[in-house]
Amino acid sequence: MTLLQVVVGGLLLGAVYALFASGLTLIWGMMNFINFAHGEFVMLGMYAALLVVTWLGGGPALFALAAALVLFALGAAIYFGLIRHVLRGPMLAQILSTFGLALVLRYTAFWIFSANFVSLPQTALSGTLSIGGLLLPVPQLAAGVAALALTAGLHLLLTRTAVGSQLLAVAEDREAAMLVGIRPDRMQALAWGLAAGSAGLAGALMATAYPWSPSVGATFGLTAFITVTLGGFGSVPGALYAGLMVGAIQALSAYWLGPIYKDVVVYALFVALLWLRPQGLMGRA
Amino acid sequence: MSSDHWRRAGAALAVAALLAYPLAASSPYYLDIGVTVLLAAISASAWNILGGFAGQVSVGHGMFFGVGAYLPLLVYTLWGWPPMAGIPLGMLLAVGLAALIGAPTLRLTGHYFSMATIAVAELIRILVGTWGLVGAAIGLQGPATARGWWDLTFRDETPYYYIFLGVLAGVLALTHALQGRRLGYYMRAVKAGEAAARSLGVASRRTKLAALALSASLTALAGSLYVLKTGFVDPDSGFGILVSVQMVIVAALGGAGTLYGPLVGALILIPAQSWANSWLGGGGSGLTFVLYGGIIVLVARFEPGGLFELRRRMLRWRPERSRAA
């Protein structure tokens, strides 16, 4: 029973991983570009939630929406101000641009909020739910379920709507998309907005359940990257399966080996995967 | 005088300035900045072989730096050997590590390779932090006072300055020699386009592995020098992500893939960092790293070739275009 409890807890967190990994995979799929600041977007989403709660009050729906909107705007602005200019440049410039961005965001947060761990004040989401003997803290449950729904929503947006088709068209062939009247710049900015927005939203959801500090972004960034690698680059459903798997593996290794080993096991599995299947678990060669 | 004479005179002046700096440095503070500049230049030059010349942007070179930093203090702590006996061991271990992780990661390209190197470095950092033999989270300590000259433990930093200067000269000479050799040409070919290089018969994987091994061993040497000077290392100062990042920034600021780029980058960034630290109230506030990140973003956005490229463009009318790598 305890084991089941551990696995369910891991899966709930894994759903949130899936949500922010989807953003990373979207950008990779469209632009062959890894955003090294992606984890920082998650971290900013957490602080955005904190600021909204302390200044405006309001429930999870409000601060999650606010975090998503703020990060959407930030993501689009970063695309126009920085990414657009390095996208055709040398690879070193591409890597440096988001890497430098990650440092700026992380240490600005460090400067403003200090290195201390903080958590959200009690929100409407508290207490524990007992389902068939499983004890589930409501914040974790809500975050996991919401993340699952939002990841599914993002997938539907990409595969079932006109905007999604336009995004995929730009990913498929930029020039051809321009010929049929799609503006690739707008679509790529939209992708950055969606990626950052979903990361911010994921951050706000996690903020309800876990304490954090400015340095969590580094870990989340790596987790997102590993999730995307496992799931195959460019695939939202892949990110979902992989995110759930990473969450469960983390929870089990923390349970069996001790909390410090939760990241170690995931990173080690990732390195092993590089040896055995460099194209990812679900990816094609 | 021709421009060649000017260049030679400038080089002689630069060498003289580097040699005379400890005599001119009015306080230990300035001497320490000089020593730190040299160390940053050595590690960034070591990174530059793989990241600059061969075009494989590693952001996990801290793993080699850390190995080099730990081994001297490990042989001292375990067996009481002089720390410098750990230098060749550290370099060897770094080459072994390079071979081990190079096989899978070098199959990856571009961003993917960079991210994978971060993951490996983080994995090692966390593991070292839990391993009692190497001091776990607390780290390792060197000899507090020298038992003899062979401990290379000096109160005054002047000897470190000249040792580091000698090593930097060696690393630069090696890099220069490499540029004119087959491996150097292969590395540039792989950087310019791996598929094309392979189609011309360049053994791209072997080239990348050789560049990684060389780069790793020299980075480990830099780590050893660092620890000889500080006499202390912990997982963050050895393997931390900021260690890896610093090498990339220093090299990229001066010009990745140029011989003197890392030295120029270090000459600018390290004093700037130390002044920022004293103005902004120490590293505690994190503003120094905001500055760091800001510099990288600006370099990437406006001058991805670094300051050397900027200079080359400003002097475009000169007949040195043919040297462009």
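Contact here means heavy atoms within 4.5 Å. The model is predicted; local features need pLDDT of at least 70, side-chain atom pairs count only at pLDDT 80 or more, and totals for chains, interfaces and linings use all residues. Residues are numbered from 1 along each chain as its sequence is written, chains are lettered from A in the order in which they are written, and side-chain values use heavy atoms, with hydrogens and water left out.

**Figure 1. The interface of chain A and chain B.** On one side, 42 residues of chain A are in contact with 45 residues of chain B. Buried area is the accessible area (1.4 Å probe) that two parts lose on being put together, summed over both. Between these chains that area is about 3800 Å². Carbon and sulfur atoms give 83% of the buried area. L92(A), L96(A) and Y107(A) supply 15% of what chain A buries against chain B, more than any other three residues.

**Figure 2. Polar features across the interface of chain A and chain B.** The rule finds zero salt bridges here (a side-chain nitrogen of Lys or Arg within 4 Å of a carboxyl oxygen of Asp or Glu). Two residue pairs are in polar contact, both at pLDDT 80 or more. A polar contact is a pair of N or O atoms within 3.5 Å; within protein, one must be able to donate a hydrogen and the other to accept it, and residues adjacent in sequence count only if both atoms are side-chain atoms.

**Figure 3. The side of chain A that touches chain B.** Helices α3 (60-86), α4 (91-113), α9 (216-231) and α11 (261-276) of chain A each supply at least two residues. Helices are DSSP runs (H or I, at least four residues), numbered from the N terminus. The most comes from α4(A), with 16 residues. By class, this side of chain A holds 32 nonpolar residues, nine polar and one charged. Ala, Val, Leu, Ile, Met, Phe, Trp, Tyr, Cys and Pro count as nonpolar; Asp, Glu, Lys and Arg as charged; the others, Gly among them, as polar.

Figure 4. T219(B) lies in helix α9 (residues 204-230) of chain B. Its relative accessible area is 0%, so T219(B) is buried (under 20% relative accessible area, 1.4 Å probe, protein chains only). Leaving out residues up to four places away in sequence, T219(B) touches A46(B), W47(B), H61(B), F64(B), F65(B) and M247(B).

Key:
Buried < 20%, exposed > 50% of the residue type's maximum accessible area, 1.4 Å probe, protein only.
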